[in-house]
Amino acid sequence: MQVKIEDQSTVKKIIHIEIPGEDVTAELDKAYKELSKSASIKGFRKGKAPRKVLESRFSKDVNADIISKLIQNSYSEAVKDKALENMIGPPSVNEQLPELEDGKPFNFSINVEIKPTLPDIEFKGIELKKNLYSPSEEEIDAQIEMIRQTMATKQTVKEERPVKESDFVLIDYQGFVEGAPSEHTPKIENYVMQIGTKDLPDEFSEKLTGAIPPQEFEIDVPYTGDNSDDDNPLVGKTVTYKVALKEIQEKVLPPLDDTLAEKLGQFENLEGIKNAIRSNLESGYKVRVHQELSEQVFTKLLENIEVELPDVLVESELNAIIADTEQAYQQHNITLESVGMTRELLSSQYRNVAEQQAKRHLLLGKIIEQEKLELTEDDIEKLYSNMAKAMNATADQIKKMFVSDNSSQHFEYIKMLELEKKAMEHIISNANVAEIVPSSETESSEEPVENAASAS
């Protein structure tokens, strides 16, 4: 067997293979000898049918089987070549296969892709900036205000006063077209709407603002293409709504004191709520800081690395992105088509993201190899524990789940992601990190507080 490896690029190769004619003959002889033992040919006893008769009846199937066998065996032998040791993804036959001829060599070519080889990466001492975010009292107050808004109640206004902006009103209404009730606007009783919102046409808020209940109105609403859907049966018509304003309601927020904690039921006092919010914000900022540092690492290290990406790596990342997108929509019973998307469109939109992801995996993989990073037993136990917490299970249950053969490959993937996290921590811990006090939510002060050898 002759093997020639042609370099198309740093990651794409073509394996040219030639099977000698005598090997082809040997395989054909063997195949027809076995076939003659089992083939039922009219006029011949088993094992007595001439080769020519067998060829006339079975050559197409025999040749297909032998070609498949020759390709598989010779390919397995060829990939032992050192130049192909980092091969990734499935191979593909490069061209239409020739006919198999007795005594003649059989030639074919196979396309393969190779994982790119990165040089050692100089990552120690890279310059990073770490923003020292901390929750402000304004942020905490805003969170508490959101809690109060969700716990607000509505209370009927007893005093006689006009409707004002943001009030809630209790109304009955029914729509008429050319003086007759419309089936598309039936009578609605005891409907609560907030002035200034889009619950009902804008004309309702405009007419009701300043009115004192109880009072009745007629409100004309022309339905044009601007304020209604094209398929709305009312488009092109003016609907006269007869509206009865029955009462005003106003939002009542719970008091900003310890009784708020009592209503929530899980805090002793208002300070307890603030502490919980502060802790939540701090956790969020910790994640944000790590993401920012990671982005800086990738930006700086990839600046000096030229890497050609195998298509198989990009396609793998792209398929994962598309699958995640589909799953996110499916959780809300929405299909891609219903929102005007297709897999092809997503593939086009996210290809650049997939390429960046592939580069990041390669970079971290190189650091893992270069620094000989491994997961310790404690790391694995912590991984089990974290997964158990996320899945509301015990660590032993998670272990048993991944001990099964069906899950071992999945767990290897999870461990690789954990190793990548460890690699990123290793890079950051060896970086020169300047800690920065942010001057605002969107920009950072350029005055470093401290130059640290590591980032916490």
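Here are a few notes on the sheet, one arginine and a helix pair in this predicted model.

1. Ground rules: residues are numbered from 1 along each chain as its sequence is written, and side-chain values use heavy atoms, without hydrogens or water. Since the model is predicted, local features need pLDDT of at least 70 and side-chain atom pairs count only at pLDDT 80 or more, while totals for chains, interfaces and linings use all residues.

2. Start with the open sheet: its 4 strands run in the order β1-β2-β4-β3, with antiparallel pairing (strands are DSSP E runs of at least two residues, helices H or I runs of at least four, numbered from the N terminus; pairing takes at least two DSSP bridges). At the edges sit β1 (2-7) and β3 (87-93), each pairing on one side only.

3. β1 and β2 (residues 12-19) share 6 bridges. Gln 2, for one, has Glu 18 in β2 as its bridge partner.

4. Now look at Arg 148, in helix α3 (residues 137-150). Arg 148 is buried, at 14% relative accessible area (buried is under 20%, exposed over 50%, partly exposed in between, with a 1.4 Å probe and protein chains only). Setting aside neighbours within four places in sequence, Arg 148 contacts residues including Leu 253, Pro 254 and Leu 260 (contact: heavy atoms within 4.5 Å).

5. Lastly, helices α9 (residues 377-390) and α10 (residues 395-403) pack at about 105°, axes 8 Å apart (axes are lines fitted to C-alpha atoms, for helices over the stretch in contact; angles run from 0 to 180 degrees between N-to-C directions). Tyr 384 and Met 387 of α9 are among the contact residues, as are Ile 398 and Phe 402 of α10.
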